[in-house]
Amino acid sequence: MTERLSLGTATLAYDPRLLDIGIVHLGVGAFHRAHMADYTDAVLRKGDLRWGIMGASLRSPETRDALAPQDWLYTLAESDETGERCRLIGALRGVLVAPEDCQALIEAMCLPSVKIVSLTVTEKGYCHDPATGELNESHPDIVHDLANPSAPRSAPGFLVEALRARKARGLPPFTVLCCDNLPANGRTVAKVVTRLAHLRDPALGRHVAENVAFPATMVDRIVPATTDADRARIAAATGLSDSWPVVTEAYNNWVVEDHFPQGRPAWDATFVSDIAPFELMKLRLLNGAHSTMAYLGYLAGHETIADCMRDEALSHLAAHLMNEEVTPTLAVPPGADIAAYKLALLRRFRNPGLRHRTWQIAMDGSQKLPQRLLGTTRDRLKAGQRIDALALGVAAWMRYVTGIDEQGNAIDVRDPLRDTLRARADAAGPDASRLAPALLSLEQVFGRDLPQDPVFINAVTQALDSLFRIGSRRTYEAFRSAHP
Ligand code: CS2
């Protein structure tokens, strides 16, 4: 029998019990544990012990329950085409479960040693309107947090309450570090948090606007959800049983705007003054191709992105999207090589060690489409350029959120707008000329401009019509014939 991973059985380069808490992280899921915690672990291994991480889950106790019995340690399994390598991470020093004890989380955020509060709460966790980036003031969690400011539910609610409490105690504010795939993520979170603080108290709003740093980041690492097969394989490889290891790729990249008034770890990231070109390159190429393959691939019966890549017509479409439609909209980020990035992406998507499910990526499309596909679409429409692959990606999302697959089976659609999407799809029926306008009129996704653009409406409607008539696979096969 394998022994349980714990401080007693693990070998680490530093003693996690000696770490200070320098960072509180909201949303301590697999992505954070594979990305920022890994960068921080490297700093700890070099001997700077100020940067232990206190994690927090804003919803469920699962991560805490899995990691507490193993002293918060976990295995990071990194793979590429040559195989998988496992390492232990000791950067995480606890996990607080906000709904059980919100005060404990606020107290952790108020520790004088805490310089940074970072977040990976997914796109929808910011309670904003994805088309404009403004706080959605009628979001149920925001309504709740304004009525109960000292017992918040949302990530912005916790940030505002902890920033208020620090100010009241005479402590400097922490830096807020968003690590989610939002466009202009620092600026977007600054807007949301400042607005919520202002709604509570205009003086608090001014304090946040004037004194809190919200550096922007571009995060880039593919991290599929952990499966039982991963747990078994990793236990066999390491000889230690780990309830929640994290599986990822060997590739890891982080571009960070260097604006940390309270200091920061010496992460081995790329620090820049303007992350915008890096962000556009990543969101439009990687995430744009991911979402397009996820919807078309799911409908065509592909379980993972690697399966999509083995389907030549679908990988052709992904390459066409990246090369022909996205690349001309990008400025080259300083020191970056877009062609090399795209080649690496195709290799990363093919990684046989990652079982990254199309269903996982398909989640929360209403929050993802604007930054992944619609920004590129707007740029191309303005320049009078074709949007064939982009429109097919958008149409595939529309077909997917009807909630019925091509065999007539139910799709488990996860999206904050699921009920609205489903109601509109049911009312429209499988008719592109009715469904496309019904979904395009969602202003929080498509804004005011796109639903008025005849070129966009036509392209999406035609692609959706093809998906209804001949299905996903034949549609992207026809795309390859039309765009060799
Ligand atoms: C993916 C991303 O689930 C998704 O929507 O597209 O999580 C993607 O794997 C990461 O952004 C890669 O950095």
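Predicted model: local features only at pLDDT ≥ 70, side-chain atom pairs only at ≥ 80, totals over all residues.

I number residues from 1 along each chain as its sequence is written, and side-chain values use heavy atoms, with hydrogens and water left out.

Ligand. I find 13 residues around the ligand (a heavy atom within 4 Å), and the closest are N181, K282, H290, K368 and R372. By class, I get four nonpolar, four polar and five charged (Asp, Glu, Lys and Arg are charged; Gly goes with the polar ones). I looked up polar contacts too (N or O pairs within 3.5 Å). The side chain of K282 has an N or O atom 2.7 Å from a ligand oxygen. For N181 I read 2.8 Å from a polar side-chain atom to a ligand oxygen, and for R372 2.9 Å. The protein covers 89% of the 340 Å² accessible area the ligand has on its own (Shrake-Rupley, 1.4 Å probe).

Which element gives the largest share of the shell? It is α10, with four residues.

Sheet. I see three strands in an open, mixed sheet, ordered β5-β4-β11 (pairing takes at least two DSSP bridges). β5 and β11 are at the edges with a single partner each, so one side of each has no neighbour in the sheet. Seven bridges join β4 to β5, antiparallel, and S79 stands opposite E84 in β5.

Notes: Polar contact = N/O pair within 3.5 Å; in protein donor to acceptor, adjacent residues only side chain to side chain. Helix = DSSP H or I, 4+ residues; strand = E, 2+ residues; numbered from the N terminus.
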